[in-house]
Amino acid sequence: MIPLQRPPLDTRTAHLLAKAHERLPEVGMTEAIARSAWKAASGTRGRVTDALRTMASGIERCMYCSESLGTAIDHHEPLNHAPRRVFDWYNHLLACAFCNTHAKGGAFPRDAAGNPLLVDPTADEPADHFRLSLTSGEYHCLTARGCASLDVFRLNRGTLRKGRLDAVGQCLDTLAKCAECLAKDDKDEVDQRIRRLGRQPFADVLQELRRIADRPSASVVLGNDAALVALRALYAPLTAKPVSIPKQARHEPNCRSWSVPASAGSG
């Protein structure tokens, strides 16, 4: 998961969402009513989908896992929790079928004070809550919100871990080739390779490579000096809060006790 910028909506789409929201009943609002209204607003849904696609990483990738194509609009705060947010632009994210339906579904955990626990990549900095290991392909949680998000979206599932490790190799190979092209002053070839790199899935891998590029240990971690040269030359460095994750520390379900006891309620 990487941070994403949510731009203002175009006037027409914003108007359609506002009018659809006005048609919702003031009292007696339910999930069923919200879903019926959402299904009926096919034109508005299409415009929202187009807007979300422009925000997504790569080629319209899922905003949660960064691997699969985003094929559905996810209501980040689900309609079973907040039916009146059905037409709220700031509650819409682009998600793949697995993250949206099979993993998250209607889950929306909150802490004991009622604060939402799931990370929203358009409102939060994911790196503040979990950090990707380039050697294992796994995320390590840093906060209870990170733990909850990894669990609910199942971001350490086997296919994602394997895909991230493959993406590390692909990124390093492409960057090493870019270093060769830079040495030959072949800027056109560099630009083509960088564009292809930006379209690949697992944008979180490139994000983490950029995050560690200026660290003294980067050469040892990456094991590819040519790739590191290109990484530093072609990308602005990313900063994040420094964290120390012991090699033996691994994320486990609910390892930061994010689950709220039944007596405390879940919102």
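This is a predicted model: local features need pLDDT of at least 70, side-chain atom pairs count only at pLDDT 80 or more; totals for chains, interfaces and linings use all residues.
A search of the whole structure returns one cavity of 30 Å³ or more. Helix H8 gives the most, with four residues. By class, the lining of the largest cavity holds seven nonpolar residues, five charged residues and one polar residue.

The largest nonpolar core contains 71 residues. Within this core, Val 205, Leu 209 and Leu 231 touch the most other members. Helix H6 (residues 158–183) supplies the largest share of the core, nine residues. Val 205 has contacts with Leu 132, Leu 134, Arg 164, Ala 167, Val 168 and Cys 171, with residues up to four places away in sequence left out of the count.

Two residues other than glycine have positive phi values. For Phe 202, phi is near 60°. Phe 202 sits in the loop between helix H7 (187–199) and H8. The relative accessible area of Phe 202 is 5%. This value is under the 20% cut-off, so Phe 202 is classed as buried. For Glu 60, phi is near 55°. Glu 60 belongs to the loop between helix H3 (42–55) and strand E1 (72–75). Its relative accessible area is 32%. Glu 60 is therefore partly exposed, as the value falls between the 20% and 50% limits.

Thr 30 lies in another loop, between helix H1 (11–22) and helix H2 (31–40). With a relative accessible area of 34%, Thr 30 is partly exposed. The side chain of Thr 30 reaches the backbone nitrogen of Ile 33 at 3.2 Å.

Notes: Residues are numbered from 1 along each chain as its sequence is written. Side-chain values use heavy atoms; hydrogens and water are left out. On a 1 Å grid over the protein atoms alone, a cavity is a set of points where a 1.4 Å probe fits but cannot get out, and a pocket is an open set with protein on both sides within 12 Å along at least five of seven lines; lining residues have an atom within 4 Å of a point. Grid points are joined across faces, edges and corners, and a volume is the space filled by probe spheres set on the points. Ala, Val, Leu, Ile, Met, Phe, Trp, Tyr, Cys and Pro count as nonpolar, Asp, Glu, Lys and Arg as charged, and the others, Gly among them, as polar. A nonpolar core is a set of buried Ala, Val, Leu, Ile, Met, Phe, Trp, Tyr and Cys residues joined through side-chain atoms within 4.5 Å. Buried means under 20% relative accessible area, exposed over 50%, partly exposed in between (1.4 Å probe, protein chains only). Contact means heavy atoms within 4.5 Å. A polar contact is a pair of N or O atoms within 3.5 Å; within protein, one must be able to donate a hydrogen and the other to accept it, and residues adjacent in sequence count only if both atoms are side-chain atoms.
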